Amino acid sequence: CHSAEEAITVAQMAREIFGTHWIKLEVIGDDYTLQPDPWGTVAAAQTLVREGFAVFAYTTDDLVTALKLRDAGVAAIMPWAAPIGTGAGPRNLPALRTLRERLPDSVLVVDAGIGAPHHAAQVMELGYDAVLVNTAVAEAGDPVAMARAFTLSVQAGRLAHRALPMRTREVAQASTPMVGVPFWHQGS
């Protein structure tokens with residue numbers, strides 16, 4: 001949809017026709033990039049949540065928009081990794097990391113821009129709840145094998161997140177410190 005009003009009307013019609021209160025909300029602000037309209041998305045989400053919908057809101061990786069969607073009571077915040085259908089992978093990992101850190105109790109699902117299994121693993125390692133993948137599987141030479149690869153990468157990313165990966169450093173640090181550690185020589 002291209003406006004909050006249009007999205008609300010479509011959601012109401014979908015609930016009537018399909019008998020569900022679940023709705024994936026996409027208010028598109030730019031037809032070229034398919035970038036969401038943050039103001040329209042938040043406005044539609046507020047109304048739809050008040051009307052009893054479980055809203056799954058597509059957005060960018062903007063923290064302020066995500067906070068407003070959380071405050072509106074959406075069921076899931078669905079930031080993009082990159083524009084829809086690009087397969088570019090996470091263009092702004094620090095922003096996605098910040099969303100997870102600042103919204104620890106929110107359901108976060110990366111919704112667009114995932115092109116390869118390692119992209120899915122990256123966002124799952126950040127602690128995301130899921131990734132939504134379409135084009136990367138649909139346009140693969142072997143979609144069944146690609147779907148399996150994504151399954152394994154999501155599992156690996158989730159496991160890595162739970163295993164608490166080491167923190168990255170800006171400078172080198174020996175894995176085995178040498179200072180203050182005696183050397184033992186065979187036969188000494």
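Mentor: A residue is called buried under 20% relative accessible area, exposed over 50% and partly exposed in between, with a 1.4 Å probe and protein chains only. The model is predicted, so local features need pLDDT of at least 70 and side-chain atom pairs count only at pLDDT 80 or more, while totals for chains, interfaces and linings use all residues. Residues are numbered from 1 along each chain as its sequence is written, and side-chain values use heavy atoms, with hydrogens and water left out.

Let us begin with helix 3. (Helices are DSSP runs of H or I with at least four residues, strands are runs of E with at least two, and both are numbered from the N terminus.) One partner of helix 3 is helix 2: their axes come within 9 Å and cross at roughly 10°. (Axes are lines fitted to C-alpha atoms, for helices over the stretch in contact, and angles between N-to-C directions run from 0 to 180 degrees.) Helix 2 and helix 3 are therefore roughly parallel. (That word covers angles under 35 degrees; over 145 is roughly antiparallel, 65 to 115 roughly perpendicular, and the rest oblique.)

Which residues make this meeting? On the side of helix 2 they are P38, T41, V42, A45, Q46 and V49, and on the side of helix 3 they are T65, K68, L69 and A72. (Contact means heavy atoms within 4.5 Å.) By class, six of the residues in this contact are nonpolar, three are polar and one is charged. (Ala, Val, Leu, Ile, Met, Phe, Trp, Tyr, Cys and Pro are nonpolar, Asp, Glu, Lys and Arg charged, and the others, Gly among them, polar.)

K68, a residue of helix 3, takes part in that contact with helix 2. K68 counts as partly exposed, because its relative accessibility is 46%. T20 is 48 residues from K68 along the chain, and the C-alpha atoms of the two are separated by 24 Å.

Helix 3 has helix 4 as another partner, with the axes 10 Å apart and an angle of about 30°. Helix 3 is therefore roughly parallel to helix 4. Here L63, A66, L67 and R70 of helix 3 meet T98, L99 and R102 of helix 4. Sorted by class, the contact comprises four nonpolar residues, one polar and two charged.

R70 leads us on to S106, which has R70, I77, R100 and D129 as contacts once neighbours within four places in sequence are left aside. S106 sits in the loop between helix 4 and strand 4, residues 109-110. At 13% relative accessibility, S106 counts as buried.

L99, likewise, leads us to the core. The largest nonpolar core has 38 residues, and those with the most contacts inside it are L25, L48, V55, L99 and Y128. What surrounds L25, apart from its neighbours within four places in sequence? Its contacts are A7, T41, A44, A45, L48, V55, F56, A57 and Y58. Of these, T41 and A45 also belong to the contact of helix 2 with helix 3.

The loop between strand 1 and helix 2 holds L34. Most residues other than glycine have a negative phi. L34, by contrast, has a positive phi near 60°, and it is partly exposed, with a relative accessible area of 29%. L164 lies in the segment after helix 7 and is exposed, with a relative accessible area of 70%.

Helix 7 itself, residues 143-162, packs with helix 5, residues 117-125: their axes come within 7 Å and cross at roughly 25°. Helix 5 is therefore roughly parallel to helix 7. In helix 5 the meeting residues are P117, A120, A121, M124 and E125, and in helix 7 they are M146, A149, F150, S153, V154, G157, R158, A160 and H161. Nine of the residues in this contact are nonpolar, three are polar and two are charged.

Finally, consider N134, in the loop between strand 5 (130-131) and helix 6. N134 is exposed, with a relative accessible area of 57%. Its C-alpha atom is separated by 9.6 Å from that of I84, which is 50 residues away along the chain.

Terms used:
Core = buried A, V, L, I, M, F, W, Y, C linked by side-chain atoms within 4.5 Å.
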